[in-house]
Amino acid sequence: MDLSVAPPNATLSARAARVASIAAHHADDVDAAARFPKEAVDALRSERLLGIQVPAHLGGESASLSQIADICCTLGQSCSATAMIFAMHHIKASSLVEHGEERAWHTDFMRRVAAEQLLLGSATTEGGIGGNLRNSICAIHIDGENCTLEKNATVISYGSEADAILITSRAHADAAPADQVMTVFLKNQYSLEKTHVWNTLGMRGTCSDGFLFKGQAPAQQIFPKPFAEIAAQSMLATSHLLWSGVWYGIAADAVLRAQAFVRAAARKSPGVAPPGAIRLAEVSSKLQIVKSNVIAGLKAYEDTRNDPDRLMSMAFAIAMNNVKICSSETILEIINHAMLICGIMGYKNGTPFSLGRHLRDAHSAQLMISNDRILSNSANLLLVQKQDTSLSG
């Protein structure tokens with residue numbers, strides 16, 4: 001398909017549904033083989049969904065975060081690895097969209113993302129920092145118009161498959177660990193030496209291996225804004241909200257399978273309520289909690305996104321942290337309930353009601369970023385920030 005034109009039936013939901021159909025067909029194999037969901041990502045490119053966040057005047061579609069989260073949900077119901085790749089790509093794209101027009105190189109790169117449907121990878125973790133993306137050991141070295149970087153990245157999201165990697169480091173050799181910058185490196189500007197294999201319980205198709213990253217590029221590819229501001233003004237909200245969209249999609253599909261199981265049981269015994277009917281009503285209410293939580297978070301972001309001071313406020317950080325905590329913890333309850341409803345047919349692999357992959361994938365939610373770390377951050381903020389107890393905002 002010509003990537004320079006929108007596909008037929010070009011509404012975002014229709015395009016996402018077509019990708020989801022392809023992703024669902026390969027989801028079990030992607031999980032079993034821990035392989036990159038190439039077919040689904042190729043479909044994302046064909047449907048031009050990788051560039052939708054780029055502003056329209058740069059060749060994108062100016063898609064809102066709510067629209068992107070909805071696609072995350074659609075994909076999450078079919079293949080959570082595909083959905084997470086799509087979400088992480090757009091988390092990186094949000095940094096470009098919100099902060100990239102300050103420099104000509106990043107503006108031109110956004111045009112390329114939209115035109116060529118480039119897949120953006122992320123390298124924010126590093127050996128020796130304990131998962132704290134707001135600290136770096138490595139430092140970028142600037143020599144005239146060029147820069148070089150070497151980083152022991154314990155995880156690079158689908159690193160071998162990305163067309164470019166957005167990577168964090170200290171701003172210079174003498175910078176403090178929290179004095180960070182983010183740099184875009186194109187695929188032909190770096191080498192990757194694999195150090196860790198992504199052999200995980202779930203989310204196996206994201207193929208987020210560890211690598212020794214070595215890159216060299218023009219220094220203009222460094223974002224001019226400190227990473228602390230990028231993280232607070234775009235990454236915090238987009239990470240928690242788009243991840244939550246994926247997790248909601250996983251849980252929603254589990255509930256749909258449970259509902260199908262109860263309906264099948266009801267058809268066998270007309271007039272008699274199946275044993276799982278009450279649990280289905282209960283799990284439906286829990287799913288509604290997650291949906292409402294994500295929608296409220298998306299609205300809070302849209303109401304705040306044009307105010308940098310509010311984006312960096314303690315109240316906003318607490319609100320986004322709460323979205324992530326609620327979503328990541330509640331989906332496990334939902335899938336466990338669905339498993340109880342489906343019984344052995346949910347526990348077994350290869351049935352229309354199988355939930356093993358859903359349950360394994362959902363366990364990643366509390367670890368990205370660790371809920372304990374997020375709760376600790378929120379606790380520190382709440383020592384000085386009054387809790388918002390209103391219903392109006």
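Predicted model: local features only at pLDDT ≥ 70, side-chain atom pairs only at ≥ 80, totals over all residues.
Which residue in β3 is the bridge partner of H141? Its partner is T148.

**View 1. A four-stranded open sheet.** Reading across the 4 strands, you meet β2, then β3, then β7, then β6, with antiparallel pairing. The edges belong to β2 (141-143) and β6 (190-196). Each of these two has a single partner strand, so one side of each has no neighbour in the sheet. On average, neighbouring strands here are turned by 10° against each other, direction ignored.

**View 2. Where β2 meets β3.** Let's zoom in on one pairing. Strand β3 covers residues 146-153 and runs antiparallel to β2, with 3 bridges joining the two.

**View 3. Helix α1 from end to end.** Now over to a helix. Residues 12-33 make up α1, which is 22 residues in length. From first C-alpha to last, α1 reaches 30 Å, close to the 32 Å expected at 1.5 Å a residue. Look for H26 along the way: a kink of about 50° is centred there. Just after α1 comes A34, which takes a positive phi of about 50°.

**View 4. The buried residues of α1.** Several α1 residues are tucked away: L12, A14, R15, A16, V19, A20, A23, A27, V30 and D31 are buried. And what covers them? Among the elements doing so are α2 (38-46), α3 (65-76), α4 (80-99) and α11 (356-362).

Conventions:
Residues numbered from 1 in each chain as written. Heavy atoms only, no water. Pairing = 2+ DSSP bridges. Axes fitted to C-alpha atoms, helices over the stretch in contact; angles between N-to-C directions. Expected span 1.5 Å × (residues − 1). Bend = angle between axes of the 7 residues up to and from the residue. Buried < 20%, exposed > 50% of the residue type's maximum accessible area, 1.4 Å probe, protein only. Contact = heavy atoms within 4.5 Å.
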